[in-house]
Amino acid sequence: MKNILVIGATGQIGSELTVRLREIYTGNVVCGYIKGAEPQGLLLEGGPSAEVDITDARQIAEAVDKYKIDTIYNLAALLSAVAESKPQLAWRIGVGGLFNTLEVAREKKCAVFTPSSIGSFGKNSPHVHTPQDTIQRPETIYGITKVTGEMLSDYYYRRFGVDTRSVRFPGLISYVAPPGGGTTDYAVHIYYSAVKGEVFKCPINPGTFMDMMYMPDALRAAIEIMEADPSKFVHRNSFNIASMGFDPEIIYSKIKEYVPEFKMEYDHDPLRQAIADSWPDSLDDSCARAEWGWKPEYDIDKMTVDMLSHLRKKLD
Ligand code: AKB
């Protein structure tokens with residue numbers, strides 16, 4: 001049994017992870033939300049909820065005490081493109097919020113999962129099969145908060161013994177909650193356009209490869225790493241994980257196999273393109289495989305079949 005607090009539970013990852021955690025664990029799985037992003041439907045009905053703004057350490061501590069929390073999933077973040085228009089807020093949430101979470105975890109002895117991202121790498125990281133341990137000098141505020149978060153989480157483990165763990169998520173693709181303000185969002189929106197019969201305007205240039213992952217694999221990674229036996233860990237914050245990589249042309253052709261009439265045009269977004277150009281084409285995830293048994297289940301074919309069938313039902 002675990003008692004879990006999910007901070008940012010109504011966001012892109014949280015709205016699915018919270019439901020999945022409640023299916024697995026018999027203890028409290030608390031949906032932590034902020035004003036203006038209140039839980040609804042399954043999230044609201046499936047278990048307890050608490051207002052937890054990550055920038056307010058007192059709210060985190062109160063929820064941890066009230067629900068006897070032993071594990072915190074910290075999913076609060078502004079995604080890469082939107083963070084560029086609000087760098088101060090991105091830092092307050094990504095670094096200040098993580099610091100609050102780690103302090104509460106230190107005092108109240110909680111384990112903490114905080115996702116990092118492919119955005120933690122930069123122009124001078126090796127782009128193909130980016131190694132687990134390599135240069136990380138991102139130029140986006142999102143990436144800077146993610147690298148800082150990785151180091152801060154490792155510090156709390158080494159210095160205070162807080163059980164911090166993390167994975168570097170690729171772009172996440174799902175039919176449930178739409179992403180907002182990311183660089184990899186096009187890989188979700190393209191499926192919606194295909195099912196709605198719209199021409200897709202792609203903001204990312206052909207030939208721009210990025211790592212991507214289907215949400216069920218991402219949820220499994222977040223759960224499995226927190227369940228893993230840490231005796232084999234050489235790393236903690238944060239593990240490269242990977243399942244597939246593609247550029248807009250590859251995903252477009254894949255979708256056209258199932259929706260032959262689908263059309264895509266390019267509508268260049270300079271901000272997103274510059275960010276995408278600085279990110280890896282593909283990650284080397286051999287450390288995650290060796291240290292806690294990471295293995296993806298979805299490739300681009302299996303994901304496309306599943307996405308299209310769920311979206312057809314959802315948008316019907
Ligand atoms: C984004 O595009 O900002 C995110 C990410 C890869 O971290 N999806």
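Tutor: Strand β1 (residues 4-7) and strand β4 (residues 71-74) pair in the parallel sense, joined by 4 bridges. Strands here are DSSP runs of E covering at least two residues, helices are runs of H or I covering at least four, and both are numbered from the N terminus; two strands count as paired if DSSP finds at least two bridges between them. This is a predicted model, in which local features need pLDDT of at least 70 and side-chain atom pairs count only at pLDDT 80 or more, while totals for chains, interfaces and linings use all residues. Residues are numbered from 1 along each chain as its sequence is written. The pLDDT, the predictor's confidence in each residue from 0 to 100, averages 97 over the protein chain, and 100% of the residues score at least 70.

Within the pair, Ile7 stands opposite Asn74 in β4. Both strands belong to an open sheet of 6 strands with parallel pairing, in the order β3-β2-β1-β4-β5-β7. Its edge strands, β3 (49-51) and β7 (164-165), each pair on one side only. In general, the strands of a sheet pair through backbone hydrogen bonds, either parallel or antiparallel.

Strand β5 (residues 111-113) contains Phe113. Phe113 counts as buried because it has 24 C-beta neighbours inside 10 Å; the cut-off for buried is 20 or more other C-beta atoms within 10 Å, against 12 or fewer for exposed and a count in between for partly exposed, with C-beta atoms placed from the backbone. Beyond its neighbours within four places in sequence, Phe113 is in contact (C-beta atoms, placed from the backbone, within 7 Å) with Tyr73, Asn74, Arg165, Ser166, Ala222, Ile225 and Met226. By contrast, the C-alpha atoms of Phe113 and Pro270, 157 residues apart along the chain, are separated by 33 Å.

Technical notes
Two residues are in contact if their C-beta atoms, placed from the backbone, lie within 7 Å.
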